[in-house]
Amino acid sequence: MEPLFVNRVAASGLVTLNLEEYIHPGDRVVYDIKDNLFHGLMLREKDFREFVKTHDWAQYDGQNVAIICSADAIVPTWAYMLLASKLQGHAHRYVFGNLEALEQSLFEDAIASLNPTDYQDAKLVIKGCGDKPVPTFAYVAIMQRLLPVAASMMYGEPCSTVPLYKKPKAAATVAEG
């Protein structure tokens, strides 16, 4: 006797990727160099070097740091580079830019760590809705990373997907030959 209900989603061979799983769990902090400015206008090298020398950089251990200057001030490039040299070995990740730039950097690393051959000829569903917000650029980045190898890519949930890409039959034949 045939089963009353058949789970067609389970039998479809779809592979679901949930980009929420690639959100780095570490704290995100902003280091604003404006706090180091002389009269809020410019950076004085001697004072800044003294600050860098005596600052407790261990407070950034394992954190993700966005380095910005929120003041309209004269800040030489070397100052940001000096901050980076001190964050190295403490922060998990640091970038010049706002929290969005930091998040993009974290997602780019996570997506770059995926092995495309693990998804060779897979029918992929990139999960849509979830509990944590996933930035749009992460969805574009996953397409760029896996589109060359996937048989198809869809967006949404396995039970309700939006088709995005299907490898042409001719490409599949050429790849096999």
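I shall go through some of the salt bridges and the exposure of their partners.

Please bear in mind that this is a predicted model. The count of salt bridges comes to seven.

Let me begin with Asp109 and Arg93, which form a salt bridge whose closest N and O atoms are 1.7 Å apart. Asp109 belongs to helix α4, residues 99-112, while Arg93 belongs to strand β4, residues 93-96, so this pair ties together parts that are 16 residues apart in sequence. Asp109 is partly exposed, at 36% relative accessibility, and Arg93 is also partly exposed, at 24%.

I turn next to Lys127 and Glu157, whose side chains meet in a salt bridge with an N to O distance of 3.8 Å. Here the partners come from two strands: Lys127 from β5, residues 123-127, and Glu157 from β6, residues 152-157; the pair therefore ties together parts that are 30 residues apart in sequence. Lys127 has a relative accessibility of 22% and counts as partly exposed. For Glu157 the value is 28%, again partly exposed.

The last pair I wish to show is Asp35 with Lys34, a salt bridge in which the closest N and O atoms are 3.2 Å apart. Is Asp35 buried or exposed? Asp35 is exposed, because its relative accessible area of 60% is over the 50% cut-off.

Thank you; I welcome your questions.

Technical notes:
Residues numbered from 1 in each chain as written. Predicted model: local features only at pLDDT ≥ 70, side-chain atom pairs only at ≥ 80, totals over all residues. Heavy atoms only, no water. Salt bridge = Lys/Arg side-chain N within 4 Å of Asp/Glu carboxyl O. Buried < 20%, exposed > 50% of the residue type's maximum accessible area, 1.4 Å probe, protein only. Helix = DSSP H or I, 4+ residues; strand = E, 2+ residues; numbered from the N terminus.
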